[in-house]
Amino acid sequence: MSLKKLVSLASASLLLGGFVSYGSIALAQEASSEAISESVEMTDSAVESESVVDSESTDESATDEEYAFEVVVDVINNEEEVMGTATFREDQAGLVTLELELEGVEPGEYGMHIHEVGLATAPTFEDAGAHFNPTDVEHGTESETGPHAGDLPNLVVGEDGTVNETIEIPDVTLDPEGENTLNGTDGTTLIIHTQADDYVSQPTGDAGDRMLAAVIFAPLEDSEFYTEESDPESSDSAEASTEETTESVVEESSEESAE
Ligand SMILES: [Cu+2]
(Lines give C-alpha, C1' and ligand atoms only; values in the text may rest on other atoms or scores of the structure.)
Protein backbone atom coordinates (compact mmCIF):
# COMPACT_ATOMS: atom_id res chain seq x y z
CA MET A 1 0.00 0.00 0.00
CA SER A 2 1.32 3.36 -0.93
CA LEU A 3 1.74 6.11 1.57
CA LYS A 4 1.21 9.68 0.67
CA LYS A 5 4.38 11.49 1.21
CA LEU A 6 5.25 15.08 1.29
CA VAL A 7 8.29 15.50 -0.83
CA SER A 8 10.02 18.70 -1.57
CA LEU A 9 11.93 19.44 -4.68
CA ALA A 10 14.83 21.77 -4.73
CA SER A 11 17.99 22.20 -6.69
CA ALA A 12 21.48 22.66 -5.49
CA SER A 13 21.03 26.24 -6.42
CA LEU A 14 18.75 26.73 -3.47
CA LEU A 15 21.28 25.28 -1.08
CA LEU A 16 23.89 27.54 -2.48
CA GLY A 17 22.01 30.75 -2.66
CA GLY A 18 20.33 30.78 -6.00
CA PHE A 19 23.05 29.68 -8.36
CA VAL A 20 21.45 27.44 -10.95
CA SER A 21 23.01 24.05 -11.37
CA TYR A 22 21.67 22.01 -14.23
CA GLY A 23 21.33 18.34 -13.57
CA SER A 24 20.61 18.58 -9.91
CA ILE A 25 17.76 16.97 -8.14
CA ALA A 26 16.70 17.09 -4.58
CA LEU A 27 13.70 15.32 -3.18
CA ALA A 28 13.54 15.89 0.50
CA GLN A 29 11.06 15.39 3.23
CA GLU A 30 10.44 18.67 4.90
CA ALA A 31 11.88 17.70 8.24
CA SER A 32 15.01 16.10 6.98
CA SER A 33 16.67 18.50 4.65
CA GLU A 34 17.89 22.00 4.38
CA ALA A 35 16.92 21.95 0.74
CA ILE A 36 13.28 22.82 0.69
CA SER A 37 11.54 24.89 -1.87
CA GLU A 38 8.53 23.65 -3.75
CA SER A 39 6.49 20.82 -2.33
CA VAL A 40 4.82 18.08 -4.25
CA GLU A 41 2.72 15.21 -3.06
CA MET A 42 4.12 11.89 -4.07
CA THR A 43 3.13 8.33 -3.51
CA ASP A 44 5.77 5.80 -2.77
CA SER A 45 6.04 3.14 -0.15
CA ALA A 46 9.75 3.11 0.26
CA VAL A 47 11.47 6.24 -0.91
CA GLU A 48 10.32 8.63 1.71
CA SER A 49 12.79 11.33 1.13
CA GLU A 50 15.66 11.61 -1.20
CA SER A 51 17.96 14.34 -2.18
CA VAL A 52 20.76 14.28 -4.63
CA VAL A 53 22.90 17.32 -4.82
CA ASP A 54 25.41 17.71 -7.58
CA SER A 55 27.58 20.64 -6.78
CA GLU A 56 30.12 20.33 -9.52
CA SER A 57 29.00 23.50 -11.20
CA THR A 58 28.56 25.51 -8.06
CA ASP A 59 32.11 26.23 -6.88
CA GLU A 60 31.21 29.88 -6.46
CA SER A 61 29.45 29.27 -3.19
CA ALA A 62 31.93 27.69 -0.89
CA THR A 63 30.00 27.11 2.31
CA ASP A 64 28.07 23.88 2.21
CA GLU A 65 29.51 22.04 -0.70
CA GLU A 66 32.53 19.99 -0.18
CA TYR A 67 30.33 17.17 -1.49
CA ALA A 68 29.94 16.11 -5.07
CA PHE A 69 26.78 14.13 -4.27
CA GLU A 70 24.46 13.89 -1.33
CA VAL A 71 21.44 11.64 -0.92
CA VAL A 72 19.18 11.72 2.13
CA VAL A 73 16.69 8.89 2.50
CA ASP A 74 14.34 7.75 5.22
CA VAL A 75 14.94 4.47 7.01
CA ILE A 76 11.75 2.50 7.58
CA ASN A 77 10.92 -0.54 9.66
CA ASN A 78 8.77 -3.53 8.76
CA GLU A 79 5.65 -1.51 9.50
CA GLU A 80 6.75 1.38 7.30
CA GLU A 81 7.42 3.59 10.29
CA VAL A 82 10.22 6.07 9.74
CA MET A 83 13.03 5.35 12.19
CA GLY A 84 15.41 8.02 10.98
CA THR A 85 17.55 8.94 8.03
CA ALA A 86 20.49 7.63 6.06
CA THR A 87 22.61 10.25 4.35
CA PHE A 88 24.99 9.12 1.64
CA ARG A 89 27.62 11.63 0.61
CA GLU A 90 30.50 11.60 -1.81
CA ASP A 91 33.21 14.18 -1.41
CA GLN A 92 35.13 15.75 -4.26
CA ALA A 93 37.85 13.11 -3.88
CA GLY A 94 35.33 10.32 -4.40
CA LEU A 95 35.04 9.07 -0.83
CA VAL A 96 31.54 7.85 -0.03
CA THR A 97 30.24 8.03 3.53
CA LEU A 98 27.01 6.99 5.17
CA GLU A 99 25.65 8.96 8.11
CA LEU A 100 22.95 7.08 10.01
CA GLU A 101 20.63 8.83 12.41
CA LEU A 102 18.07 6.51 13.96
CA GLU A 103 15.88 6.40 17.03
CA GLY A 104 13.83 3.72 18.68
CA VAL A 105 15.85 0.77 17.47
CA GLU A 106 16.08 -2.27 19.70
CA PRO A 107 19.59 -2.49 21.17
CA GLY A 108 21.81 -5.07 19.51
CA GLU A 109 24.29 -5.76 16.73
CA TYR A 110 22.93 -6.00 13.23
CA GLY A 111 24.24 -6.91 9.82
CA MET A 112 24.07 -4.02 7.37
CA HIS A 113 24.49 -4.10 3.62
CA ILE A 114 23.68 -2.27 0.46
CA HIS A 115 21.42 -4.49 -1.64
CA GLU A 116 21.26 -4.59 -5.41
CA VAL A 117 17.72 -3.41 -6.17
CA GLY A 118 16.19 -0.08 -5.25
CA LEU A 119 12.99 -1.55 -3.86
CA ALA A 120 12.02 -2.12 -0.23
CA THR A 121 8.47 -3.28 0.24
CA ALA A 122 7.48 -3.86 3.84
CA PRO A 123 7.30 -6.04 5.74
CA THR A 124 10.00 -8.32 4.32
CA PHE A 125 12.01 -5.99 2.05
CA GLU A 126 12.82 -9.10 0.01
CA ASP A 127 12.46 -7.14 -3.22
CA ALA A 128 15.72 -5.35 -2.38
CA GLY A 129 17.38 -8.49 -3.76
CA ALA A 130 20.82 -9.80 -2.87
CA HIS A 131 23.85 -7.85 -1.73
CA PHE A 132 25.22 -5.21 -4.08
CA ASN A 133 28.10 -7.19 -5.56
CA PRO A 134 29.14 -5.73 -8.91
CA THR A 135 32.55 -7.42 -8.87
CA ASP A 136 31.09 -10.88 -8.23
CA VAL A 137 33.14 -11.83 -5.19
CA GLU A 138 32.37 -13.68 -1.96
CA HIS A 139 30.54 -12.10 0.93
CA GLY A 140 32.37 -10.76 3.95
CA THR A 141 35.67 -9.24 4.93
CA GLU A 142 36.79 -12.64 6.23
CA SER A 143 36.02 -14.55 3.06
CA GLU A 144 38.73 -15.33 0.53
CA THR A 145 37.69 -12.97 -2.22
CA GLY A 146 35.32 -10.62 -0.46
CA PRO A 147 33.88 -8.38 0.65
CA HIS A 148 30.98 -7.39 -1.56
CA ALA A 149 31.05 -3.72 -2.45
CA GLY A 150 27.78 -3.52 -0.53
CA ASP A 151 29.09 -5.15 2.63
CA LEU A 152 29.11 -2.76 5.57
CA PRO A 153 30.23 -3.13 9.18
CA ASN A 154 27.67 -4.38 11.68
CA LEU A 155 25.53 -1.68 13.20
CA VAL A 156 25.77 -1.59 16.99
CA VAL A 157 22.79 -0.03 18.74
CA GLY A 158 23.22 0.87 22.41
CA GLU A 159 20.74 0.81 25.26
CA ASP A 160 19.18 4.14 24.33
CA GLY A 161 18.16 2.81 20.93
CA THR A 162 19.68 5.67 19.02
CA VAL A 163 22.23 5.61 16.25
CA ASN A 164 24.29 8.57 15.23
CA GLU A 165 27.33 7.51 13.30
CA THR A 166 29.13 7.93 10.04
CA ILE A 167 30.97 5.17 8.24
CA GLU A 168 33.05 5.14 5.08
CA ILE A 169 32.03 2.96 2.16
CA PRO A 170 35.04 2.19 -0.01
CA ASP A 171 34.76 0.96 -3.59
CA VAL A 172 31.44 2.54 -4.49
CA THR A 173 30.34 5.84 -6.00
CA LEU A 174 27.16 7.87 -6.14
CA ASP A 175 28.12 9.12 -9.59
CA PRO A 176 25.72 7.48 -12.05
CA GLU A 177 28.57 7.25 -14.56
CA GLY A 178 31.09 5.77 -12.13
CA GLU A 179 32.34 2.26 -11.52
CA ASN A 180 30.38 0.29 -8.91
CA THR A 181 27.83 3.04 -8.77
CA LEU A 182 24.98 2.83 -6.30
CA ASN A 183 23.03 4.97 -8.74
CA GLY A 184 22.77 2.43 -11.56
CA THR A 185 19.89 1.04 -13.58
CA ASP A 186 18.39 -1.14 -10.87
CA GLY A 187 19.02 1.26 -8.01
CA THR A 188 20.15 0.19 -4.54
CA THR A 189 18.76 -0.17 -1.02
CA LEU A 190 20.32 -0.03 2.43
CA ILE A 191 19.21 -3.01 4.54
CA ILE A 192 19.74 -3.55 8.27
CA HIS A 193 19.13 -7.13 9.40
CA THR A 194 17.84 -8.72 12.58
CA GLN A 195 21.14 -10.43 13.43
CA ALA A 196 24.84 -9.68 13.25
CA ASP A 197 26.77 -10.43 10.09
CA ASP A 198 29.54 -12.96 10.80
CA TYR A 199 31.50 -11.54 7.83
CA VAL A 200 32.17 -15.00 6.37
CA SER A 201 29.02 -17.11 5.85
CA GLN A 202 27.88 -17.23 2.22
CA PRO A 203 26.22 -15.41 0.70
CA THR A 204 24.71 -13.19 3.39
CA GLY A 205 26.80 -13.42 6.56
CA ASP A 206 23.96 -15.28 8.29
CA ALA A 207 22.44 -11.96 9.28
CA GLY A 208 18.83 -13.09 9.41
CA ASP A 209 15.73 -11.26 8.27
CA ARG A 210 15.49 -7.68 7.05
CA MET A 211 14.55 -5.27 9.83
CA LEU A 212 15.11 -1.77 8.44
CA ALA A 213 15.40 -0.48 4.91
CA ALA A 214 16.09 2.67 2.96
CA VAL A 215 15.90 2.86 -0.81
CA ILE A 216 18.98 4.81 -1.83
CA PHE A 217 18.19 5.05 -5.53
CA ALA A 218 15.02 3.70 -7.15
CA PRO A 219 15.20 1.61 -10.34
CA LEU A 220 15.44 3.61 -13.56
CA GLU A 221 12.85 3.25 -16.28
CA ASP A 222 14.92 0.78 -18.28
CA SER A 223 15.33 -1.53 -15.29
CA GLU A 224 13.35 -4.75 -15.10
CA PHE A 225 12.47 -3.69 -11.57
CA TYR A 226 11.00 -0.36 -12.56
CA THR A 227 7.34 0.27 -11.93
CA GLU A 228 5.35 3.48 -11.75
CA GLU A 229 5.05 2.90 -8.06
CA SER A 230 8.79 2.47 -7.61
CA ASP A 231 9.46 5.77 -9.32
CA PRO A 232 9.73 8.65 -6.86
CA GLU A 233 9.16 11.08 -9.72
CA SER A 234 6.14 9.35 -11.15
CA SER A 235 3.08 10.40 -9.25
CA ASP A 236 -0.39 11.60 -10.17
CA SER A 237 -0.15 14.57 -7.93
CA ALA A 238 3.44 15.51 -8.63
CA GLU A 239 3.74 19.05 -9.81
CA ALA A 240 7.45 19.04 -10.31
CA SER A 241 8.92 20.32 -13.51
CA THR A 242 10.53 17.05 -14.40
CA GLU A 243 9.88 17.33 -18.11
CA GLU A 244 13.40 18.07 -19.30
CA THR A 245 14.93 14.80 -18.24
CA THR A 246 13.92 12.12 -15.80
CA GLU A 247 16.84 12.88 -13.54
CA SER A 248 16.93 16.62 -13.67
CA VAL A 249 14.88 19.10 -11.78
CA VAL A 250 15.86 22.70 -11.86
CA GLU A 251 13.96 24.99 -9.59
CA GLU A 252 14.76 28.55 -8.80
CA SER A 253 12.29 29.09 -6.03
CA SER A 254 13.68 30.07 -2.71
CA GLU A 255 10.41 30.15 -0.84
CA GLU A 256 9.85 27.69 1.91
CA SER A 257 6.73 25.73 1.35
CA ALA A 258 4.01 25.59 3.92
CA GLU A 259 2.60 22.30 2.70
CU1 LIG B 1 21.77 -7.56 3.73
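Leaving aside neighbours within four places in sequence, which residues is Ala 214 in contact with? They are Val 73, Asp 74, Val 75, Ala 86, Thr 189 and Leu 190. The model is predicted, and the protein chain in it has 259 residues, of which 47% are buried. Its secondary structure amounts to one helix and 12 strands.

**Chain overview**

- In sequence order, the elements of the protein chain run β-α-β-β-β-β-β-β-β-β-β-β-β.
- Among contacts in the protein chain with a separation of 6 or more, 61% join residues 24 or more positions apart.

**The sheet**

- An open sheet is formed by eight strands, ordered β9-β8-β11-β12-β5-β6-β7-β10, and their pairing is antiparallel.
- Its edge strands, β9 and β10, each pair on one side only.
- From one strand to the next, the twist averages 20 degrees.
- Five bridges connect β8 and β9, which pair in the antiparallel sense.
- His 113 has Asp 151 of β9 as its bridge partner.
- In general, the strands of a sheet pair through backbone hydrogen bonds, in a parallel or an antiparallel manner.

**The largest nonpolar core**

- The largest nonpolar core contains 44 residues.
- Ala 86, Ala 213, Ala 214 and Ile 216 have the most contacts inside this core.
- Two or more residues of the core come from each of these elements: β5 (67-77), β6 (82-91), β7 (96-102), β8 (108-115), β9 (151-157), β10 (163-169), β11 (188-193) and β12 (210-217).

**Ala 214**

- Ala 214 belongs to strand β12.
- Ala 214 counts as buried because it has 33 C-beta neighbours inside 10 Å, where the cut-off is 20 or more.
- Ala 214 and Val 73 are 141 residues apart along the chain, yet their C-alpha atoms are separated by 6.3 Å.
- Val 73 is also one of the residues in contact with Ala 214.

**Ile 216**

- With neighbours within four places in sequence left aside, the contacts of Ile 216 are Val 71, Val 73, Phe 88, Gly 118, Leu 182, Thr 188, Thr 189 and Leu 190.
- Val 73, Thr 189 and Leu 190 are among the residues in contact with Ile 216, and they are also among those in contact with Ala 214.

Notes:
Residues are numbered from 1 along each chain as its sequence is written. This is a predicted model: local features need pLDDT of at least 70, side-chain atom pairs count only at pLDDT 80 or more; totals for chains, interfaces and linings use all residues. A nonpolar core is a set of buried Ala, Val, Leu, Ile, Met, Phe, Trp, Tyr and Cys residues joined through C-beta atoms within 7 Å. A residue is buried if 20 or more other C-beta atoms lie within 10 Å of its own, exposed if 12 or fewer, and partly exposed in between; C-beta atoms are placed from the backbone. Helices (H or I, at least four residues) and strands (E, at least two) are DSSP runs, numbered from the N terminus. Two residues are in contact if their C-beta atoms, placed from the backbone, lie within 7 Å. Two strands pair if DSSP finds at least two bridges between them. Axes are lines fitted to C-alpha atoms, for helices over the stretch in contact, and angles run from 0 to 180 degrees between N-to-C directions.
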